[in-house]
Amino acid sequence: MEIDQFLMEMDGVESLSKDILIIAATNMPWNIDPALRRSVRFTKQIFIPPPDKDAREEIFRVHTRDKPISRNVDFKKLAELTEGYAASDIKAICDRAAEIPWEETLKGGEEREIEMDDFLQAIKEQKSSLIPWFKEAYKALKESGEMSLFEDFAHYILKYGGEIEEVKKPDISFKDVGNLEEVKDIIRRELIYPIKNPEIAEKFKKEIGGAILLYGPPGCGKTYIAKATAGECDVPFFNINITDILSEREGVSEKNLHYIFEKAINNAPAVLFFDEIDAIVCRRDIYGSGSEKRLVNAFLTELDGFKKATGLVILAATNMPWNIDPALRRAGRFTKQIFVPPPDKDAREEIFRLHTRDKPISRNVNFKKLAELTEGYAASDIKAICDRAAEIPWEETLKGGEEREIEMDDFLQAIKEQKSSLMAWYRAAEKQLIKSGEQDIYKELFDSIKKFKKIKSREEEIKEILDEEREKLGLPSRRERESIKRLLSKKSEIERMIEITRKKYRDKEIDEKTFSKLIAEYEKRLIETEVKIETLKKKR
Ligand SMILES: Nc1ncnc2c1ncn2[C@@H]1O[C@H](COP(=O)(O)OP(=O)(O)OP(=O)(O)O)[C@@H](O)[C@H]1O
Ligand SMILES: [Mg+2]
C-alpha cells in the first residue's frame, strides 16, 4: 500500500466515530515514515525491551517446566549469563540443553537429568540474536540522527549495539609487563581493586571510577600496560582510538564521543581507554580551531557528567602531555597523572627475559650485561633488539648454516644496530615543557629529562665486549673478521686472474711458458691467502 493511502485511511478512522484502536508492530522503527508518528496518528510508541534478569529467569523456568531438571541447575545464574539474549534465544538454549542427555541416551549412555553443565554448554553454542539487530539499529539511528526520537530504546541500543567493541580476552596481563611496579600498584589500587571489591570500596567510601592519565616517552609501555589492565579485571574494557571519534561531518565527532560514553556507562563497571588522548583534547589556546575546541568542550562535559555513574574508570595515555588542554587536569577530572618512565636496569633485564621467553637462548647470554648496555633505550627498542637477535641465527639457517641457539654475540650485534628511539623525544620534551611552563605539573618527567641527559653512549664499550665475547666463543674478533673479509675478496680476485690467464692461453694470446709461470705464481698466492683465512677462522 502506498504510504499516502495508508495515511489517508488512518486519518479517516476518526470520522467513523467508532472506537477503533490501531496497534502496529515493527522491529525496524527507523524505517517507518516519520509522518506516521505525527501527533494524531500513532500517538504512542511503546518499546518492548529484551527480557531483563528476572524475566529471563522466568523464561528459563517456563521452557523447562515439564523436563527432568537436575537440582543443581541455578536459574538465577543462567539468567545472569544471558544478558542481551532474546526470549527466543533462551528457548533455543533450553531445547539444546535437553538434547544433550537425550543424545547420550541414544548412544547407549545412562538416562540422566538435564544438568547445569548442559545449560552452560548450550549458552556457549547459542549467540544472542539481538546483538546484530542492535548494531543495525545503532547504525540506522546514527545515520538518520533520530537517536533522541527513540529515547526508550536508545539506552539499549547504546548498550548492546554501540560502535565501540569491547576488547575480548586480551592476551596479556600484568605478568607480561616488565617491572613498572609503581604504575601497576597505582592501577591496582585505584582501578582494579575497587572494581573487583565494590562492597569494601563502599565501606571505606572509596569511589569506584575516576580518571587516570598515563604519560611518558614513546614505546615504554603505556598502551601495553593499559591492555594488560584489561586482562587483569573482569569488567568490559573499551579501547577507543581517535578514529572511533573523529568525523568530518560537523557535530558528528561530539555525538560519537557521547555515544561512546553512553555505551561505557551502560556497561559499568567498565574501563574506557583513550589512547593518544592528546589528539582528542589538544590545547584549545594553541590548536583550537572551531571543531577541535568543540570536541574538547564535549569531552570535558562527558567527563563531568559520568561521575554520577559510579563504576566507570577512564584511562588515557599520551606521549605529548604538554599538548593536552590544562582544563583536563582540573579537580574531579584527570586527577591522577602517572608517569610511565623508560625502563631502569632491572626493568630492562626483565624485558629482555620476557621477550625471549619462548626462544632458544644460549646459556652464555648475560641478561644483566645486556640491561647495562641498553641504558636510555625504550622498552620497544629492547623488544626490537630481541627480535633482531633471533633473526641472525635464523637467517644463517636459511642460508644453509647449522641450526644454533641465539648467542650473546647476536644480541650485542643487534644492540649495535639499534639506536635508542628516546633521544629525539627527550629533546623535544624539554623544549615543550619549558615552553608551556608546566615543569611543576609534569615534575617526574622533568626529573627524568635531567637524568636522561647524563646517559653516556656505550657504543665503544659494546664493540669491545663484542670482541671479548667472540674471543670467549673462539670466534674471530671484529678486526679479525674484517681481515677475513679483505682476504676473501683478495682470494676471489686471484681466482679471477687465473681464469683470465687460462682464457688468454686458450686464445693463444700467451705462450705455454708464460702461462705456466703466471699460473704457478697465482696459485702460490692463492694458497697463501687461504692459509691466512683458515688461521684466522681457526681461532675458534
Ligand atoms: N614494561 C614492559 N614490559 C615488556 N614489554 C614492554 C614493556 N613496555 C613496553 N613493552 C614493549 O614495547 C612495545 C611498545 O610499548 P607501547 O606500545 O605500550 O608504548 P607506548 O608507551 O604506548 O608508546 P607510544 O607513546 O608511542 O604510544 C609493547 O608492545 C611491548 O612489546
Ligand atoms: Mg601507545
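**Exercise 1.** State how Asp447 and Lys450 are placed relative to each other in helix 20.

*Solution.* Asp447 and Lys450 sit three residues apart in helix 20 (residues 443-453), so about one helical turn separates them. Helices here are DSSP runs of H or I with at least four residues, numbered from the N terminus. The two side chains form a salt bridge with an N to O distance of 3.9 Å; the term requires a side-chain nitrogen of Lys or Arg within 4 Å of a carboxyl oxygen of Asp or Glu. Next, take the accessibility: Asp447 is partly exposed at 32%, and Lys450 is partly exposed at 47%. Buried means under 20% relative accessible area, exposed over 50%, and partly exposed in between (1.4 Å probe, protein chains only).

This is a predicted model, in which local features need pLDDT of at least 70 and side-chain atom pairs pLDDT 80 or more, while totals for chains, interfaces and linings use all residues. Residues are numbered from 1 along each chain as its sequence is written, chains are lettered from A and ligands numbered from 1 in the order written, and side-chain values use heavy atoms, without hydrogens and water.

**Exercise 2.** Describe the salt bridge between Lys368 and Glu349.

*Solution.* The closest N and O atoms of Lys368 and Glu349 are 3.2 Å apart. Lys368 belongs to helix 16 (residues 367-373) and Glu349 to helix 15, so the pair ties together parts 19 residues apart in sequence. Lys368 is partly exposed at 49%, whereas Glu349 is buried at 11%.

**Exercise 3.** Which residues are linked with Arg96 in a network of salt bridges?

*Solution.* The network links Arg96 with Glu99, Glu103 and Glu125. Within it, Arg96 and Glu99 meet at 2.7 Å, N to O. These two residues are three apart in helix 4 (residues 87-106), about one helical turn.

**Exercise 4.** Between which domains does ligand 1 lie, and why?

*Solution.* Start with the shell: 20 residues surround ligand 1, each with a heavy atom within 4 Å of the ligand. Domain 3 (166-246 + 265-339) and domain 4 (345-473) both contribute to this shell, so ligand 1 lies between them. The domain bounds come from an automatic or database assignment. Finally, ligand 1 taken alone exposes 630 Å², of which the protein buries 83% (Shrake-Rupley method, 1.4 Å probe).
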